[in-house]
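Colleague: I'd like to go through this model piece by piece. Please put it up, and I'll ask as we go.

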Amino acid sequence: MGKSITHKIIEKHLVSGEMVPGSEVGLRIDQTLTQDATGTMAWLQFEAIGIGKVKTDLSVSYVDHNTLQMGFRNPDDHRFLRTVAAKSGAVFSPAGTGICHQLHLENFAKPGATLIGSDSHTPTAGGIGSMAMGAGGLSVALAMAGEAYFIPMPKVVKVELTGELTGWAAGKDVILELLRRLTVKGGVGKVFEYAGPGVATLSVPDRATITNMGAELGATTSIFPSDDRTRDFLEKMGRGSDWMELVADADAEYDEVITIDLSELEPMVAQPHMPDQVCKVKELAGLKIDQCAIGSCTNSSYSDLKNTAQILSGKKTPPETDLLISPGSKQVMKMLSREGLIEPLLDAGARVLECTCGPCIGMGGSPTSGGVSVRTFNRNFEGRSGTQDGKIYLVSAQTAARLSLEGEFSDPATWGPAPERVELPEDVPSIRDLFVFPPEDGSSVEVLRGPNIVALEDFDKLPETVEAKVLLKVEDNITTDHILPAGAEITALRSNIPAISQYIFSRVDAEFVGRMKDHGKGVILGGENYGQGSSREHAALGPRHLGVKAVIVKSLARIHRANLVNFGILPLLLVAPADYDRLSEGDDLTIPASAMTPGGTVEIGLADGGKVAVTNDLTKKELEIIQAGGLLNAVREGQS
Ligand code: F3S
């Protein structure tokens, strides 16, 4: 039987397990990336493992999230990241150089390589054929220490692309169409592998937009073949030697096949507050727009912004519509500047921001109260923009640029001809000198810490029987933004678990932290797809610090589930989803933790004598990790 690209890469990196969907496989990891919001913790964890130097082929520490320097916290974190990278043998990318995924795609990612990153949009590198996965910071720290990365062997979905994009349709519309069809739960446990004649018609930036936002499907990752267009991209980036051809065998078998005819796509939009609430742009005609924001790791490439400049050239946005533009990297910024494309942006009224995540992580650029913000980003969860009642709509860069001129949604049929599709210039400027490469011997480097950097606490083992109250009951589709909101004030505390824990669920139930303090321990009850969204392990670390022992849910998002395991919180699944309605906040529960077996069912005792059956999808190893009080404890036990 022929092999898919996914099977080829996994087979080459397999260190344990069998390639049978659902069973655990351990993978050797070639590259890692961290960003500052999750990376300070990942690097503290790497230090706690005590291995000294990174063991991967390449590890890069990016600073792109918490770049506002309104006090000592963020600059101290950046200094810590710079010095710990130098000491440990990792490359450091300073604040303002660009967004981790855009920079990694342009400068470091390789076809056929495995990459994990402490950011859920790490699959962006799948646009050039990397097997790139988002992971919790601790998993990344362990990969840097040379340990394997464990995942359930994914099913492989072939996305057969036919035809060619026309008019105003863009790569973004491919992934919005998939989200429309499959929803934010549709990709769990799956890799989306793109194939078919339509692939060759898509540029690398279009492909990277699609694999970036495969994260919103809940997918393990997404991947494109490495073909002539990939080679052209890498050659223009001065990295032709990193190219290798990587395509599926002609007779490769897949677990599922989905077909998309690119020529049928038209501009789409994901409406508030979920990336799968997708409709056609024309269906919203007449809706006033208060803000447009172009950028983020999804749509901040040279081609996105050159298209934007072409659309805005000689025109002006209305005064009611704020336009923010964040280039994805200094490489993009340099190309725009060299071609005189910054001036049309400025003249149109745009605010050109630095090359960072910026408004995507609520680091400035919040919309007005109740305002409509049209963004090229990947997420539109409630409150993520920094304005709790802001309404975020997700579109492609060219759609956002066009709409910013109108100040309201309109039918693309009235927009006139679409801008020409943009190719990279032959002489892409290098920004390699802006990265800080580590010294050969970093042993004498002093790692500098500020008072905001608090070493990780030790966690207790899980008791044999957990007796605790349900201290929070939440609905379906709780995101990591619900668990731990983004925004400048909170994210500045990412390296200080005691301080950041005070914000856990603060925008859902402001009394929750107080109840946890009163009781010292507790259980969270959730619905479907609990923990979807970002990879932030603080959404597990914070609850763990407060004393959360278990979450009982109908279903769990992949990375958050892994983070719960890593920090010793029991992820329990209701056998009968209807039992969700039988449980209430304040219920006393007795969980027979030591009686749990992989995939087995146990009964939770209720104070009134009733029982609720729960199961799990944990492996034996994961259960042992939870019982040890988390992965760091388990690794230390293993080392000793
Ligand atoms: Fe940054 Fe937003 Fe991407 S926070 S890494 S631009 S999802």
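Colleague: Is Lys190 buried or exposed?
Modeller: This is a predicted model: local features need pLDDT of at least 70, side-chain atom pairs count only at pLDDT 80 or more, and totals for chains, interfaces and linings use all residues. Residues are numbered from 1 along each chain as its sequence is written, and side-chain values use heavy atoms, without hydrogens or water. Buried is under 20% relative accessible area, exposed over 50%, partly exposed in between (1.4 Å probe, protein chains only). Lys190 has 15% relative accessibility, so Lys190 counts as buried.

Colleague: Which residue forms a salt bridge with Lys190?
Modeller: A salt bridge here is a side-chain nitrogen of Lys or Arg within 4 Å of a carboxyl oxygen of Asp or Glu. For Lys190, the closest N and O atoms of the pair are 3.1 Å apart. The partner is Glu256.

Colleague: How many residues apart are Lys190 and Glu256?
Modeller: Strands are DSSP runs (E, at least two residues), helices likewise (H or I, at least four), numbered from the N terminus. Lys190 is in strand β10 (residues 190-195) and Glu256 in strand β12 (residues 256-261). The pair links distant parts of the chain, at a separation of 66 residues.

Colleague: What is the relative accessible area of Glu256?
Modeller: Lys190 counts as buried. Glu256 is partly exposed, because its relative accessible area is 29%.

Colleague: Which residue pairs with Lys282 in a salt bridge?
Modeller: Lys282 is partly exposed, at 35% relative accessible area. The closest N and O atoms are 3.2 Å apart, and the partner is Glu266.

Colleague: How many residues apart in sequence are the parts tied together by Lys282 and Glu266?
Modeller: Lys282 lies in the loop between β14 (278-280) and β15 (291-294). Glu266 lies in the loop between β12 and β13 (268-270), so the pair ties together parts separated in sequence by 16 residues.

Colleague: Are Asp509 and Arg515 buried or exposed?
Modeller: Their side chains meet in a salt bridge, at 2.6 Å from N to O. Both Asp509 and Arg515 are buried.

Colleague: How many salt bridges does the structure hold?
Modeller: Some share partners: one network joins Lys110, Arg239 and Asp242. In the whole structure, the salt bridges number 35.

Colleague: What distance separates the centres of domain 1 and domain 2?
Modeller: The assignment, from an automatic or database source, gives domain 1 (5-264), domain 2 (268-413) and domain 3 (466-639). Taken over C-alpha atoms, the centres of domain 1 and domain 2 are separated by 24 Å.

Colleague: Which residues of domain 1 lose the most area to domain 2?
Modeller: Buried area is the accessible area (1.4 Å probe) that two parts lose on being put together, summed over both. Domain 1 and domain 2 bury about 3100 Å², with 59% of it on carbon and sulfur atoms. On the side of domain 1, three residues together account for 23% of what that side buries: Ile99, Trp168 and Lys172.

Colleague: Which residues form the salt bridge of 2.8 Å, N to O?
Modeller: Across the interface of domain 1 and domain 2, the rule finds 1 salt bridge. As for the pair at 2.8 Å, its side chains belong to Glu216 and Arg379.

Colleague: Which helix gives the largest share of the side of domain 1 that touches domain 2?
Modeller: α4, α6 (171-182) and α7 (204-213) each supply at least two residues of that side. The largest share is 6 residues, and they come from α6.

Colleague: How many residues of α4 are buried?
Modeller: Helix α4 spans residues 100-107. Its buried residues include Cys100, His101 and Asn107.
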